[in-house]
Amino acid sequence: ASAGGTADKEWKLFLAKASLPYIMRLLTGLCKGHAPSQQLVSEIIPALHHIEQTSSEGHVGSLAENVLEVLCENSDLKTKVKECRAQTRTEKKKRAMAMREKQLKELGMNVNTRGQVVASVGAVEREMAELVEESGLKCVICHEGYKNQPQKILCIYTFSKRCLLEDSEGRTRKNLGYFTVSHFNVVHYDCHISAVRLARIRDEWESASLQNSNTKCNSLMPIWGPSVTESAFTTCLARHNAHIQEFTGVREASLSYVIHDIRMLLLRFVTERSFSEESGGGGRQSNIHFMPFIVQIALYVLTTTRRHTHEVAQLTSFLAASSADWVTMCYGAESPSYFLVL
């Protein structure tokens, strides 16, 4: 059945089927590196795209996203997947514009032939005329970003959890750290706080999960925009670190922990491990978008804590070590992969 012609009730029953997650995994395995299977599965790309936008207990949305990413190995199918996703974005934009026009009409405003918002009050007219369409990151609540709100800091909903820094570490008492994943939903910190206040009956992060595509989250990682002050960024970063300490038990989210966090995120790509197993949402595409911003955090910590000398000394010592020493280091927390990220 095609996704577009399925009634909501029937579609919900379909998504609730216990076999669906296994079918998605099976399709991923069959299509990986096998062109004939990819061609057969390409007939249901619209349905897979519809499924990847949904959230359910079986995480079928993320599993469907994985199937589509495998189909993108074929250049023709990659184009088809992109067209399908672009069409959805266009439809969502049209619905958003229709809602915007309805709200403007209720306020006694309208959009002229040049696409400008006009009103009877001169000050309001000038303010609305200055608005520009957001083309980059934008808040999931107010749908504005750094173009219309350049000094209002944006954050990424993230989920961090305590874990071993190295599973094969050759010690009785192994080093603990944390890993971070994301569904890459962006929100203004102020909008997040306002939404939490309105949902007073819920826990902060239970409320936030509704804005985060029904995906678990327990922190907000700040994005340093071009016009955001350093003080605003550091304040949000301090809150982010405090949340990590609260939910993972680490004493301080230092540079070494951030490097390990990046390393473990990269290992998930390399080993094809699920990104949504713990959080319930967010796949490869979401987390590759997330990667540059966690690197931004590492660079900021590196430059502001003035640890250049210490890190250079560590790297110099690692590069001077013999290949036998490198093998031994593979069984420690500061392994070759750690220094590669550093």
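The lining of the second largest pocket holds three nonpolar, 10 polar and eight charged residues. The model is predicted. This pocket has a volume of about 500 Å³. Its lining is made of 21 residues. Thr28, Asn66, Glu272, Ser274 and Arg284 are the ones nearest the pocket's centre. Two elements give two or more residues to this lining: α2 (20–31) and α5 (60–71). Of the elements, α5 gives the most, with five residues.

Helix α5 also packs against another helix. Two packed helices are described by the angle between their axes and by the distance between those axes. For α5 and α6 (residues 75–106), the angle is about 135° and the axes are 8 Å apart. Angles over 145 degrees would count as roughly antiparallel, and 65 to 115 as roughly perpendicular. The helices α5 and α6 are therefore oblique to each other. On the α5 side, the contact is made by Glu65, Leu68, Glu69 and Leu71. On the α6 side, Leu77, Lys78, Val81 and Arg85 take part. The residues of this contact divide into four nonpolar and four charged, with no polar ones.

Next comes the loop between α1 (8–15) and α2, where Ala16 is placed. Is Ala16 buried or exposed? Its relative accessible area is 61%. The cut-off for exposed is over 50%, so Ala16 is exposed. Along the chain, Ala16 and Val60 are 44 residues apart.

How many cavities of 30 Å³ or more does the model have? The count comes to one. The largest cavity has a volume of about 60 Å³. Which residues line the largest cavity? They are Tyr178, Met221, Leu237, His240, Asn241, Ile244, Ala253, Val258, Asp261, Ile294 and Ile297. Three helices each supply at least two residues of this lining: α10 (230–248), α11 (255–271) and α12 (284–304). The largest share comes from α10, with four residues. By class, the cavity lining divides into eight nonpolar, two polar and one charged.

Note on methods
Residues are numbered from 1 along each chain as its sequence is written. This is a predicted model: local features need pLDDT of at least 70, side-chain atom pairs count only at pLDDT 80 or more; totals for chains, interfaces and linings use all residues. Side-chain values use heavy atoms; hydrogens and water are left out. On a 1 Å grid over the protein atoms alone, a cavity is a set of points where a 1.4 Å probe fits but cannot get out, and a pocket is an open set with protein on both sides within 12 Å along at least five of seven lines; lining residues have an atom within 4 Å of a point. Grid points are joined across faces, edges and corners, and a volume is the space filled by probe spheres set on the points. Ala, Val, Leu, Ile, Met, Phe, Trp, Tyr, Cys and Pro count as nonpolar, Asp, Glu, Lys and Arg as charged, and the others, Gly among them, as polar. Buried means under 20% relative accessible area, exposed over 50%, partly exposed in between (1.4 Å probe, protein chains only). Axes are lines fitted to C-alpha atoms, for helices over the stretch in contact, and angles run from 0 to 180 degrees between N-to-C directions. Angles under 35 degrees count as roughly parallel, over 145 as roughly antiparallel, 65 to 115 as roughly perpendicular and the rest as oblique. Contact means heavy atoms within 4.5 Å.
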